[in-house]
Amino acid sequence: CLLCLGLLTKRKPSSTSATWNGRRIGGNPTPNRETSCPGTPGHSKRIQVARARSATSKSIEGTSGSYFRTTGNHLRKFLENRRSPSRLEEGECGPYLQEGKKERPKQLPSVSLTSIPGKILEKIIKEVVCEHLETNAVIANSQHGFTNNKSCQTNLISFFDRVTSWVDTGNAVDVAYLDFSKAFNKVPHDLLANKLVKCGLDKTTVRWICNWLSERTQRVLTNASSSSWKEVTSGVSQGSVLGPVLFNIFINDLDEGLEGTIIKFADETKLGGIADTPEDGSRIQNDLDRLERWVETNKMKFNRDKCKILHFGRKNGNQRYRMGDAWLDSSVCEKDLGVLVDNKLNMSLQCDAAAKKANGILAGINRGIASRSREVMLPLYSALVRPHLEYCVQFWAPQMKGDVDKLESVQRRATKMIKGLENKPYEERLKELGMFSLQKRRLRGDMIAMYKYVRGSHREEGASLFSAALQTRTRNNGFKLQERRFHLNIRKNFLTVRAVRQWNSLPQTVVEAPSLEAFKQRLDGHLSGVL
């Protein structure tokens, strides 16, 4: 059964994760039996009860493996207690550098390392909560963080499809990048509990979550030193399984009453709208005022120094906006979910940054790795270098030939480093390695994204991004889309415009693939004959 059930009657140790470091806690759990989970909606939710293999579940602090092999009835009784053991409510925090210099303590936010049995228990509760959220469509469509079938890329494409469309029709557009101050750490537990009830979760699940949040303790570890244990009075644990889901519920009503377009990735928030006239600017300002009132009501805080305004459009009047009593600074470029977005939307800055990062890593491989065999170099390039050239690239695909060549030159250099291929042309090197050029890989990625929007997991969102083409007498692949008109290159080169013609030209046998994996295989076969 669950490892955590064996901890109910054990004594409380002086530490948690640190005590268990170096000890192997069981093997991969295997399905054992299903039991009813009381207190879940309709009492019909079935949960998988895992059993640690006796051969690998050695011991935790001297406890035998057989101690943990309890039955599903113990789990049912445990959940009926509506209480998580205090032993599982401890966490150890270590400094984690996100950006900047590690010598500055403020740039080292802590991430809580909770116990493995605690994470197993959180996973069970998370499945119950997520099933309720999905069944009842509780989380707003504007949330793309920690939700199924959404990602950074869907966030960027969804938001900037509107922005590029507005700019293409001659409108000025203003976008406010909003930054919460220590968002996950400031969530008030009482307000979160009210929102859990409001979203329709049953009382037993809410009570269990509230008990899990209350009386938590944590300490900070750095090198060989540690602080004393302190009670956590607010926030959801970063590094926990349940924390991101609870934060999504807490911030879900941020959209209410807004006139502009808002989109979120967890706490990363963008608010945008047309800003042709002073009246348009007033609407954006009213939305910012509403967001400020939401922050005050929910006991959160904006980091106003990091909140910026980006102005798009040739005739933009660069109107000013304030957050509370502080005026927000304008910016010409912001990092949006890891992608550099500038007010020209030509993506050249992002291309420069991606190529520079990839070249730097490739130089480190060149200096540090003696072997030049393809068995060594190809995996290193694929795992460490190429991801920097392709992260969210369906959103920021290069628009100018110079940028295309700049990215391709990284792969040219990498393939030339492989022993035996140094003097061969680039095309021959790719053929011998069984690789596509980066430009063809971007085309492949475009088609995979289109499949998800038209037939796959993003169909709901795709319905707002694409329109089916009118029926014609000419033969097509059965899922032909309407091609949009455009005036500017930033619109012409955006995914929802540039990829439609290639999608419409795919053979019917490729487009009608029954699954994403089958589509990829058929697409690769089709692209192998394309220059």
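Buried here means under 20% relative accessible area, with exposed over 50% and partly exposed in between (1.4 Å probe, protein chains only). The model is a predicted one, so to speak of local features takes pLDDT of at least 70 and side-chain atom pairs count only at pLDDT 80 or more, while totals for chains, interfaces and linings use all residues. Residues are numbered from 1 along each chain as its sequence is written, and side-chain values use heavy atoms, leaving out hydrogens and water.

On to the aromatics. Rings of Phe, Tyr and Trp (its six-membered ring) pair if their centres lie within 6.5 Å; planes under 30 degrees apart are stacked, over 60 edge-to-face, and the rest tilted. That rule gives 12 aromatic pairs. F159 and F160 sit with ring centres 5.3 Å apart and planes at 85°, so they are edge-to-face. Both of these residues, F159 and F160, are buried. F250 and W294 also pair edge-to-face, at 5.9 Å centre to centre with 65° between the planes. Ring pairs also tie F159, F160, F312, F395 and F494 into a cluster.

Lysines turn up over two of these rings. A charge sits over a ring if NZ of Lys or CZ of Arg is within 6 Å of the ring centre and within 35 degrees of the ring normal. K195 lies over the face of F250, 4.1 Å from the ring centre, and K270 over that of F159, at 5.5 Å.

As for W503, setting aside neighbours within four places in sequence, its contacts (heavy atoms within 4.5 Å) include M447, Y451, F479 and F519.
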